[in-house]
Amino acid sequence: MKINIEVSEFIPLKDFELGWRWERNHNSEISELEKSQIQPVSESESKRLNKIIKYFEIEQNLIEKYTQTDWISANAENNLKVERFRSKLQLLLEPWNEEIIVTWKNNITLKTSKSIFLKYWTDFLYPSSDDVTILSEETNWIIFYRHFEVANIWTKKK
């Protein structure tokens, strides 16, 4: 199953509720080219996408077709821990190179590349506040991040 988003449903990053996370004063390392790969969607499209995502948030819907990891520490308190989580994700998601959909709430969703997400995961996943679902565009994997800095990854069985 591939999740498609109409081009007309994308909105400017500057108009996105969480767009400040990639502004120069918050993340001085991200380039304009990289920011252009972070594509927020309209509120109505976000709600449509979340109807699909809700299906994948029900464990019973995943058990037969996916394998899950244990909960993995997604701690960002220092560079070593940031890199450790990034490396684990890269290893688990290595077989797939597809776009991803990131959703925080029913009305706050965006599309980006796997490489942008991996490089800047700490901007997408905030401790203490974010409970986030990340889904590959072709539904090959799902990441559930919880605000207490853990992630559970489900990958499609071969």
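Asn75 counts as buried, at 15% relative accessibility. Buried means under 20% relative accessible area, exposed means over 50%, and partly exposed is in between, with a 1.4 Å probe and protein chains only.

Some ground rules. This is a predicted model, where local features need pLDDT of at least 70, side-chain atom pairs count only at pLDDT 80 or more, and totals for chains, interfaces and linings use all residues. Residues are numbered from 1 along each chain as its sequence is written, and side-chain values use heavy atoms, with hydrogens and water left out.

Back to Asn75. Where is Asn75 found? In the loop between strand 3 (72-73) and helix 3 (79-93). Helices (H or I, at least four residues) and strands (E, at least two) are DSSP runs, numbered from the N terminus.

What does Asn75 touch? Leaving out residues up to four places away in sequence, Asn75 touches Lys81, Val82, Trp121 and Glu149. Contact here means heavy atoms within 4.5 Å. There is also a polar atom of the Asn75 side chain that lies 2.7 Å from the backbone nitrogen of Glu77.

Now Ser44. This residue sits in helix 2 (residues 43-56). Is Ser44 buried or exposed? Ser44 is exposed, because its relative accessible area is 51%. Its side chain makes a polar contact with the side chain of Ser42, at 3.3 Å. A polar contact is a pair of N or O atoms within 3.5 Å; within protein, one must be able to donate a hydrogen and the other to accept it, and residues adjacent in sequence count only if both atoms are side-chain atoms. Next, take Ser44 and Asn106. They are 62 residues apart in sequence, but 9.4 Å apart in space, C-alpha to C-alpha.

Let's step back to the chain. The protein chain has five helices and eight strands. From the N terminus on, the order is α-β-α-β-β-α-β-β-α-α-β-β-β. Buried residues make up 49% of its 158 residues.

Last, the overall dimensions. The C-alpha atoms fill a box of roughly 40 × 40 × 25 Å, along the principal axes.
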